[in-house]
Amino acid sequence: MATIGRYPFTRHYRGDATSHVVHLAKGRTVHSGVGQSFWFRPLSAVISEVPVDDRELPLMFHANTNDFQDVAVQATVTFRFADPEVVAGRINFALDPETGSWRSTPIEQVQYLLSELAQQYARDVIAGMTLTEAVADGVVSVRIRITEGMTSDARLEQAGIGIVGIRVVGIKPEPEMERALQTPAREQAQQEADKATFERRALAVERERAISENEMQSQIELAKREEQLVAQRGANERRQATEVAAAERISTDAQAEQLRIRATADAERVRLQAAAEAERVAAVGDAQAQAERAAMDAYRDADARVLAALALRQLAEQLPQIGTLNLSPDVLSTVISQMTARGE
């Protein structure tokens, strides 16, 4: 709204960017436009202020279909004052020079006019529809009819009012009827949901069966591979046992050959040792025999006393060691007499 500055015998008007002011003095237009600022005398000035911004009018009304069902229509009308000077001449937008506010309610008058026109066009369209048609396709039809009717309305055009746009938010029946209309759709949706559930379950069962078959096939394949593995392990063990037996046989043969060679060598060594011993014994015997023969030859021509002395010496060699020998005078005299006798 405008700002009115009060001074003695005069006033000052200051408008804004969204208001078109028309200043009349003595029937003549003194100031007209948006964003005006001027001085005026309150006793002789007539000032009208028309907003030029877009304004929205929300609507909520009821209408009847051709099957006698009540529906609620929710819409919004966006309008603006296209020709402010014409609007100021058709609708009272005069300001109070003392307060700067409108003397009447021009916006409410315009909104009432627009509401009546919109309801008239909407009811004409809905009256030719059934409840189902109005709920399903009525929004578009009502929006088109209201837009066409209000943009071509001569009264609005003459008043300088322009329609910017029409929005129809929805057309709804009474709650009980709405639930009744929703029931078939709900049933259909439930059937579709049940069908989807059954199909999903069937698909799940089919997938489980496929998974079970795959698992069974995998188990069969694993069993076959395990059988092959067991057979291969048996073959490997048999081959390993054969190789071990062959190696042991070769080792046994080698050991037997070594033992045979060792036994042959031992026997040969024993034989050689025996032969050498026999030769040694024979040589020793021959030597002893020759010694005995030589001794016998020597003893054959020896004196008896010499032989007796040798015999005593040999006897003495065979006797144990004598630590102390005591000779009595009788023994000594006898030995001396015998020696003397032998000397003679």
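The structure is a prediction, in which local features need pLDDT of at least 70, side-chain atom pairs count only at pLDDT 80 or more, and totals for chains, interfaces and linings use all residues. Residues are numbered from 1 along each chain as its sequence is written, and side-chain values use heavy atoms, with hydrogens and water left out.

Helices (H or I, at least four residues) and strands (E, at least two) are DSSP runs, numbered from the N terminus. Two strands are taken to pair if DSSP finds at least two bridges between them. On this basis, three strands make up an open, antiparallel sheet in the order E4-E3-E6. Strand E4 (28-34) and strand E6 (45-51) are its edge strands, each pairing on one side only. Neighbouring strands are turned against each other by 15° on average, direction ignored; axes here are lines fitted to C-alpha atoms, for helices over the stretch in contact, and angles run from 0 to 180 degrees between N-to-C directions. Six bridges join E4 to strand E3 (residues 19-25) in the antiparallel sense, and Ala25 has Arg28 of E4 as its bridge partner.

Next comes helix H3 (residues 131-151), which bends by about 75° at Asp137. The bend at a residue is the angle between axes fitted to the seven residues ending there and the seven starting there. Buried residues of H3 include Leu131, Ala134, Gly138, Val142, Ile146, Gly149 and Met150, where buried means under 20% relative accessible area, exposed over 50%, and partly exposed in between (1.4 Å probe, protein chains only). An α-helix has 3.6 residues a turn, so residues three or four places apart point the same way.

Rings of Phe, Tyr and Trp (its six-membered ring) pair if their centres lie within 6.5 Å; planes under 30 degrees apart count as stacked, over 60 as edge-to-face and the rest as tilted. The structure holds six such pairs. One of them, Tyr13 with Phe38, is stacked, at 5.0 Å centre to centre and 25° between the planes. This pair links distant parts of the chain, with Tyr13 in strand E2 (residues 10-14) and Phe38 in strand E5 (residues 37-40), 25 residues apart. Tyr13 counts as buried because its relative accessibility is 0%, and Phe38 is buried at 4%. Phe93 and Trp102 form an edge-to-face pair, at 5.6 Å centre to centre and 75° between the planes. Phe93 is buried at 0% relative accessibility, whereas Trp102 is partly exposed at 22%. Phe79, Phe81, Phe93 and Trp102 form one aromatic cluster.
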